[in-house]
Amino acid sequence: MSDKQKIKVLVVDDEPDIVEILKYNLQKEGYEVATAEDGIKAVKVASKFLPDVILLDIMMPGQDGVETCLQIRQIPELKNAFVIFLTARMEEYSEVAAFDVGADDYITKPIKPRALMSRIAALFRRESKKEQEQTQIKIKDLIIDRGSYTIDKSGKTITLPKKEFELLYFLAKNPNMVFSRDELLQNIWGADVFVLARTVDVHIRKVREKIGEDYITTVKGVGYKFDLG
C-alpha cells in the first residue's frame, strides 16, 4: 500500500495528550486517523473504521490492550492489520503477552513520533516484499496459502494468526534447513523490532498445537526446521 492517503491508523490510549500528539503527526504524514480512549471503544471503532495499523496502549483501565488486541484479531477484516503496542512497561510478561495475541511491534514510551513513523513504514516495506513471494506452498500433506492465510491439511482448513502463519510459511519455504531463534526473529518480525527469543518458542508451540507435532522439529541447542522426514 504505497499511498499513505489510503492507510488508516487507529490510535488507542487513555492519555489524551499522547493521542493528540500521535494524531497530529500521523495526519501530517498523510495517514487517515481515528482514535479511541479505551479498549472497549477501540473494538467498536475498529470494526467500523477497519484500520490498516492499530497503535494500542497496553495498560488501560477497564480492558487492557492485550484483551483488546485479542478481540480485534477475531474480526475477519482485521486479521492482517498491523498492531503496534505502546507501553511504559518493560517487563518480559508484557512483551510476551503482546506478541502472543498477534502484535507486530512493541514500542515503549515516551514515544518519538519520527521513530514511530519509521517503524510503520518498515512494516509496510516488509509486507510488500512478502507479497512478491510465492503465494502457495505444497509440502507433505499441507497446502500453505499466503493469499488467504490458511492451511489445508488433508482437506481440512486451518486458520492461523498472522505471525504463526508467517513462521510456518518461512520454515516450509526452506525445508530441512535449521534456523536459530535469532534468524527466525529477523525474518519474521524484522531486525528493527525488539522481540524476546521466547516469543519464537511460544509461536512454534501454538503452530504445533494446530497443525500437529510432525512438521516442525526442534534441533537441540540450534533452533527449528520444517522436517521432510
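Predicted model: local features only at pLDDT ≥ 70, side-chain atom pairs only at ≥ 80, totals over all residues.
**Asp57.** Leaving out residues up to four places away in sequence, Asp57 touches Val12, Asp13, Asp14, Gly65, Leu86, Thr87 and Lys109, a contact being heavy atoms within 4.5 Å. Asp57 is in strand E3, residues 53-57; strands (E, at least two residues) and helices (H or I, at least four) are DSSP runs, numbered from the N terminus. I noted Asp57 as buried because its relative accessibility is 2%; buried means under 20% relative accessible area, exposed over 50% and partly exposed in between, with a 1.4 Å probe and protein chains only. An unreviewed UniProt entry annotates Asp57 as "modified residue: 4-aspartylphosphate". Such annotations may be inferred rather than shown by experiment; their positions follow the numbering used here, and feature names are shortened.

**Conventions.** I number residues from 1 along each chain as its sequence is written, and side-chain values use heavy atoms, without hydrogens and water. Local features need pLDDT of at least 70 and side-chain atom pairs pLDDT 80 or more, while totals for chains, interfaces and linings use all residues.

**Thr150.** I next checked Thr150, in strand E8 (residues 150-153). Thr150 is buried, at 17% relative accessible area. Its side chain makes a polar contact of 2.5 Å with that of Ser148. Here a polar contact is a pair of N or O atoms within 3.5 Å; within protein, one must be able to donate a hydrogen and the other to accept it, and residues adjacent in sequence count only if both atoms are side-chain atoms. Beyond four places in sequence, I found Thr150 in contact with residues including Ile143, Asp145, Ile158 and Phe165.

**Helix H7.** I listed the buried residues of H7 (residues 181-189): Leu184, Leu185, Ile188 and Trp189. They lie on the same side of H7, because their arc around the axis is only 105 degrees; the arc is that of the directions from the helix axis to the C-beta atoms. Asp182 and Gln186 are exposed on the other side.

I found E10 (residues 216-219) and E11 (residues 223-226) paired antiparallel over 4 bridges; pairing requires at least two DSSP bridges between the strands. Thr217 has Lys225 in E11 as its bridge partner. The hairpin has 3 residues between its strands, and Gly221 in the turn shows a positive phi of about 75 degrees.

**Whole protein.** I counted 8 helices and 11 strands. Of the 229 residues, 51% are buried.
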